[in-house]
Amino acid sequence: MDKISVKVCVGTTCFVMGGASLQELNDIIPKKYGDKVEIAASNCLGLCSINWEYSKAPYVKVNEEVVANATTEKVLEEIDRQLGI
Amino acid sequence: MNNNAGQAIRLKKEILVRIIKAFLSEDFKEQTRLIPYDMRPKGMEVPYRCCIYKERAIIKDRTIAGLGFAIEEDNETTLLSTYAQKALERTEISNKNLTVLQAACKGCNTNRIYVTDLCQGCVARPCESSCKFGAISIVNGRSVIDDSKCKKCQMCVNACPYNAIVKITVPCEEACPVGAIKKDETGFASIDHEKCINCGRCTAACPFGAVHEKSQIIDILKEIKSDKKVIAMIAPSIAGQFPGNIYQLKTAIMKAGFDDVYEVAQGADITANNEAKEFIERMEGDQKFMTTSCCAGYNQLIEKHLPQIKPFVSDTKTPLFYTAEIVKQEHPDAVTVFVSPCVAKRAEGFDNPNVDYVMNYEELGALFVAKKIQIMDCEETKYTKEASKQARNFGYTGGVAESVKASLKDEDKIKPCIISGLTKESIKQLKQYATNGECANGCNLVEVMCCEGGCIGGNATINSVRTAKKQIDNFTANSENIPKIE
């Protein structure tokens, strides 16, 4: 199975609207999933401009799946879902 | 940042973004008037309140605070467009920095001890026997509390094996360390500005987001729009608040319209060195301890509620004081804006003629969002003066004490003790130190920070304390050490 790729948007809007604390995923993900999941910060994913403006930021992409209003818990849940656990 | 109040904080930020966008638009007044309708358009599902009309009414009130006015003084008939106009015409800012949105205030249940339906009417009745004030009796086989006798000591709460007795709290009253916010005769919260130390705890504690900072953002945008030179002075804690590093942040702030940016950590180096000198003098004299003096919330606590500790408080000025002095010397014609993690610094800024305005991190973030500035895409711009590692760590708990220590050749002279967060308990502790003339465990330098975790726990921060500290540590790892004093 391919690695799951997690991209945390660190565009200004996402960061300001609650994404700052998602940085804790950088510690949690390697500990929890080892090398099954790859996490990286991403420049603005451009999602804030297509959807009802800032009201759904911060965004995180787990493979192609977009997690809106992202929290650490929601992201981990989506990873678990894709891993089938 | 308080995660529990997440949605309420987000709403405030969204309103700030919209106010700034309105200011930057062709028609500030009309775009401001439309904010409640743009955020809650016709037919939209109602997210929080009873109906869309109340949602809009509350957004209107929040916008009034964002425009820098007191919501308490609103007569409800004045249009937001009129407020926008008044904000444009305003030439002075007020020193009452917090305002309560009574329409958003739930008028929570009064602070009291309450017996729930879980009461089993047991035979042992530990609640009755635990109460030292005779406030509990058993009526119809159930425990009943006489509120006129109850002292809220919570002995019964702890005694009940069914957890049937609870303490009902009013979050803002509970959070306020000095009893400055209370439900008034109407049952809604109101602030006693004589008592308020501007710590901002109530703004973070209220689950309805009913306490607002009165923003100066319009005043600042007006200065930027004029031909004046506007200089931002960024607090050390900012290094943990935005993506990228503080060099990219400088570029971003200048893109947002400022002419220059200074690190307040530059002033923190002076504060730390001066405090170190003062510490040596005081310890060679007859004092057994000294407390730090850089936190604005603590300074107001001393002024309003704790004068007895004054003889032990360092006379050294705050990092903002020294930085603003330097900026005004180098640019006498400039307008200065302090970029702050908290509301307490608004009061300090108001009292300091070298600080013209204060803008908090939420407002700076909103400005970036409104102007679509991507910090990560910004080039790095250097500062004229680089601050030390210790000064850059001033914004988290322990950082100030550490910088004073590192300023001394013999670092062992300092035995620090840290107060991270002014609460009813820690204020009691400080009172004790003042009365005794010494503190516990032979400690001789008390670092006092009003917010838990230090400035990175300020009410207007946008990152959590833990991730903010990590971000700052990563950044300061390569900074130079603070110079030692002679």
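How many salt bridges does a search of the whole structure find over all chains? I looked it up and got 30. I counted a salt bridge where a side-chain nitrogen of Lys or Arg lies within 4 Å of a carboxyl oxygen of Asp or Glu.

**Ground rules**

I am working with a predicted model, where local features need pLDDT of at least 70, side-chain atom pairs count only at pLDDT 80 or more, and totals for chains, interfaces and linings use all residues. Residues are numbered from 1 along each chain as its sequence is written, chains are lettered from A and ligands numbered from 1 in the order in which they are written, and side-chain values use heavy atoms, with hydrogens and water left out.

**Entry 1: salt bridges in chain B**

I began with Glu223(B) and Lys228(B). They form a salt bridge, and their closest N and O atoms are 2.9 Å apart. Next I looked up how covered each partner is. I call a residue buried under 20% relative accessible area, exposed over 50%, and partly exposed in between (1.4 Å probe, protein chains only). Glu223(B) is buried at 12%. Lys228(B) is partly exposed at 42%.

Then I turned to Glu380(B) and Lys382(B). Their salt bridge has its closest N and O atoms 3.9 Å apart. Glu380(B) is partly exposed, with 46% relative accessible area. Lys382(B) reaches 53%, so I noted it as exposed.

My next pair was Lys469(B) and Asp473(B). Their side chains meet in a salt bridge of 2.9 Å, N to O. Where do Lys469(B) and Asp473(B) lie? I found both in helix H20 of chain B, residues 465–476. They are 4 residues apart, about one turn of the helix. For helices (H or I, at least four residues) and strands (E, at least two) I took DSSP runs, numbered from the N terminus. Lys469(B) is partly exposed at 33%. Asp473(B) is partly exposed too, at 26%.

I also found a network. Glu213(B), Arg346(B) and Glu363(B) are joined by salt bridges that share partners.

**Entry 2: where chain A meets chain B**

I counted 23 residues of chain A in contact with 29 residues of chain B. Contact means heavy atoms within 4.5 Å. The area buried between the two chains is about 2,100 Å², and carbon and sulfur atoms give 55% of it. Buried area is the accessible area (1.4 Å probe) that two parts lose on being put together, summed over both.

How many salt bridges are counted between chain A and chain B? I found 2. Arg466(B) forms a salt bridge with Glu24(A), the closest N and O atoms being 2.7 Å apart.

Which helix gives the most to the side of chain A that touches chain B? Helix H1 of chain A, residues 12–19, does, with 6 residues.

**Entry 3: helix H10 of chain B**

I went back to Glu223(B), one of the buried residues of H10(B). This helix spans residues 217–225 and is mostly covered: 7 of its 9 residues are buried. Among them are Ile217(B), Ile220(B) and Leu221(B).

**Entry 4: strand S2 of chain B**

Last, I looked at S2(B), residues 112–115. Ile113(B) and Val115(B) make up its covered face. Arg112(B) and Tyr114(B) make up the uncovered one. In a regular strand the side chains alternate between the two faces of the sheet.

I then looked for a neighbouring strand. S2(B) is joined by 4 bridges to strand S5 of chain B, residues 165–168, and the two run antiparallel. Strands pair if DSSP finds at least two bridges between them. Tyr114(B) stands opposite Val166(B) in S5(B).
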